[in-house]
Amino acid sequence: MSRGLKGLESKVLDRGQCAACGHAFSMSLFALLEGRAVKLHDCDLSEGRCFSFCPRTEVDLDALHRSVFGKGYEDIETGPLCEW
């Protein structure tokens with residue numbers, strides 16, 4: 001499954017699940033027309049910010065942990081610890 005605009009279309013737009021949160025609109029990918037999100041142009045990226053930031057798509061927790069803690073979620077034995 002594409003984690004770019006095509007994936008966003010099939011998982012969110014085609015199912016009428018867009019929350020009109022504003023992120024894809026701020027990227028000039030979508031516009032509201034009669035209360036519905038419509039695509040303004042195509043994008044062929046296989047992975048993009050539109051899919052990653054959309055609140056209606058799943059979150060890759062392992063990738064999130066790797067970017068924040070440098071380890072995957074399963075690699076942290078007792079959970080993350082922040083030293084203040």
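Predicted model: local features only at pLDDT ≥ 70, side-chain atom pairs only at ≥ 80, totals over all residues.
Local features require pLDDT of at least 70 and side-chain atom pairs count only at pLDDT 80 or more, while totals for chains, interfaces and linings use all residues. Residues are numbered from 1 along each chain as its sequence is written, and side-chain values use heavy atoms, with hydrogens and water left out.

Strand 1 (residues 30–33) and strand 2 (residues 36–39) run antiparallel and are joined by four bridges; strands pair if DSSP finds at least two bridges between them. Helices (H or I, at least four residues) and strands (E, at least two) are DSSP runs numbered from the N terminus. Within this pairing, Leu-32 stands opposite Ala-37 of strand 2. The two strands form a hairpin with two residues between them.

Glu-9 is part of helix 1 (residues 5–13). Its side chain makes a polar contact of 3.2 Å with that of Lys-39 (a pair of N or O atoms within 3.5 Å; within protein, one must be able to donate a hydrogen and the other to accept it, and residues adjacent in sequence count only if both atoms are side-chain atoms). Beyond neighbours within four places in sequence, Glu-9 is in contact (heavy atoms within 4.5 Å) with Asp-14 and Lys-39.

Most residues other than glycine have a negative phi. Glu-34, in the loop between strand 1 and strand 2, has a positive phi near 55 degrees. Ala-20, in the loop between helix 1 and helix 2 (23–26), has a positive phi near 50 degrees. Glu-34 is exposed at 80% relative accessibility, and Ala-20 is partly exposed at 36% relative accessible area (buried, under 20%; exposed, over 50%; partly exposed, in between; 1.4 Å probe, protein chains only).
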